[in-house]
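Please read it alongside the sequence and the structure.

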Amino acid sequence: MKRLLFFMLALLIFTTITFSQTLDHYSTDIQELEKYYDSFGAQYRKDYPNPSLDNFSYVGKNATNTNTKNTFRSVYTWINNIPQNSVITSGTLYIKFTITSEQAYPNDYIKLIIKEFPHSYYSNSTSNQWSQIDNSQTLYTSDKIYKNVNYGTLTIPLDQNFINYFQQNLNNTQFHLAFRSSDEETFGTNMNVNHLDLKINPSVDVFNAVRLVLNYEPAEITLTAKNNMNGYEGGIIGVGKNTTVTSKTSPYPLTAIKNDDINLLAYENQSYGGYNWIWNDTEGTENKSKWVKETVNNTVPLGNTQSKTYKVVDGDDGANLIGYLRKYYKIYRNDDCSEFDNVINNGVVTHIVEQNSGSISTPTTKTVNGKTYKFAGWTDNFNAPNPRTITPNYNETYTALYKYPTHSNNINAYKNNSQRKIVRIANGDLYMVYESLGKVWLEKSTDNGSTWTLSNGGQPLSGSNEAKNPANRLLWKYNSSSPSGKI
């Protein structure tokens, strides 16, 4: 039991440690603000410290004389890549600096003040920024730091005021803090220079002087991965969070944090509603399969590849990651040789993706039990060619009708002697008309009846209609090769 409790405690600690994350950044931008006086009164200007040009970031007084009263403040900026809705639990601010002062002990010190700085003032005028710093909440005031501290260090554990400030700014892409000195007003002999310079040493740039570390628990983001088969969301779907996919039951809910990789895979040949469903990437040119991210107010296309990696972003809570599969219609073909044999079921001969067209064909001749049948047309449309193009709306069966030439399955095909069944035309060709399969057929012989071929393109004269008792009523136009010109 003790071993089990120890294991559970270790697992809990491990889970907590691995789940907690840290932002650890040096500043990416510094604005050095300066206030000074000339004959027109108070003036403001701004400098952007650059290691190759001006490797200084002053906080405090650095006046050339009592009248100009040059005073400096600095605004530091860090990139914020903490996911929204995360919870900041703790943090530390590390500051490197040196102090320059003309004053003698015990007045040669500075108190560093750190204040909030709203993101909305980041690009404002220097005078507006200066005023905003005056009005912002103070987050920290240091003890006295004397000038004999060269390249000193401040390590500031962030209290709840700091934590709340950063927490409230998680929706911004940057964090800002303002640095000023406690004494910005007293000038005179030996009092004009009393400032702190934020840097590690003269050879290291000012951007490495202030380091911000924030520990946070990332916000859990709830997602659902699922199929869509014309509204049906079941079946299986491949899902893997920061790992390879495994088969899951759709819809599949999961939790993630910002920047997690959600690997998705659409499985083909799933069955629903009597249809086979596939990922249409190459099978059909129309109605391609696709991945989308769907939220309450928006649908974002994610691509058409069967496998997809999606990186979680802020605002994804409640989103659906949907893979749209398409019906893959089964196309069956029957060969109707029932004139003297049977209807032959060939099963599935091709597949066609919904909203797409495809081709179906049948052999022009078919030998069954020693009889050679000839293709006579498609029973659903005798005008359709072979091969033919179809655009199915369901799993569909197409039947090819086959005819055994010069034969009829009706023993009474020539019974009515009052009807003319065979005629000879002026050039000597013979035409024979008869009924079989409930349809009327016309055949032609050019060798005085030794051989016959189906006329009318091999199709029945009656098309899809039932017909019987045909008579051959061919009238002859005058033909110079015929002695009489008529029959």
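In this predicted model, N85 has a relative accessibility of 65%, and because the cut-off for exposed is over 50%, N85 counts as exposed. N85 sits in the loop that runs between β5 (71-79) and β6 (87-101). Its backbone is also listed below, together with other local exceptions.

- Most residues other than glycine have a negative phi.
- The loop between β16 (236-241) and β17 holds N242.
- With a relative accessible area of 45%, N242 is partly exposed.

**Cis peptide bonds**
- Most peptide bonds are trans.
- The bond from S250 to P251 is cis, and its omega is near -5°.
- P251 is located in the loop between β17 (246-249) and β18 (252-256).
- A cis bond also leads from N386 to P387, where omega is near 5°.
- P387 belongs to the loop between β30 (371-378) and β31 (388-390).

**Whole protein**
- The secondary structure consists of three helices and 36 strands.
- The protein has 487 residues, and 46% of them count as buried.
- Of the contacts between residues at least 6 apart in sequence, 70% join residues at least 24 apart.
- The accessible surface is about 25000 Å², and carbon and sulfur atoms account for 48% of that surface.

Notes
Residues are numbered from 1 along each chain as its sequence is written. This is a predicted model: local features need pLDDT of at least 70, side-chain atom pairs count only at pLDDT 80 or more; totals for chains, interfaces and linings use all residues. Side-chain values use heavy atoms; hydrogens and water are left out. Helices (H or I, at least four residues) and strands (E, at least two) are DSSP runs, numbered from the N terminus. Buried means under 20% relative accessible area, exposed over 50%, partly exposed in between (1.4 Å probe, protein chains only). Contact means heavy atoms within 4.5 Å. Accessible areas come from the Shrake-Rupley method with a 1.4 Å probe; for residues, only the protein chains shown count as cover.
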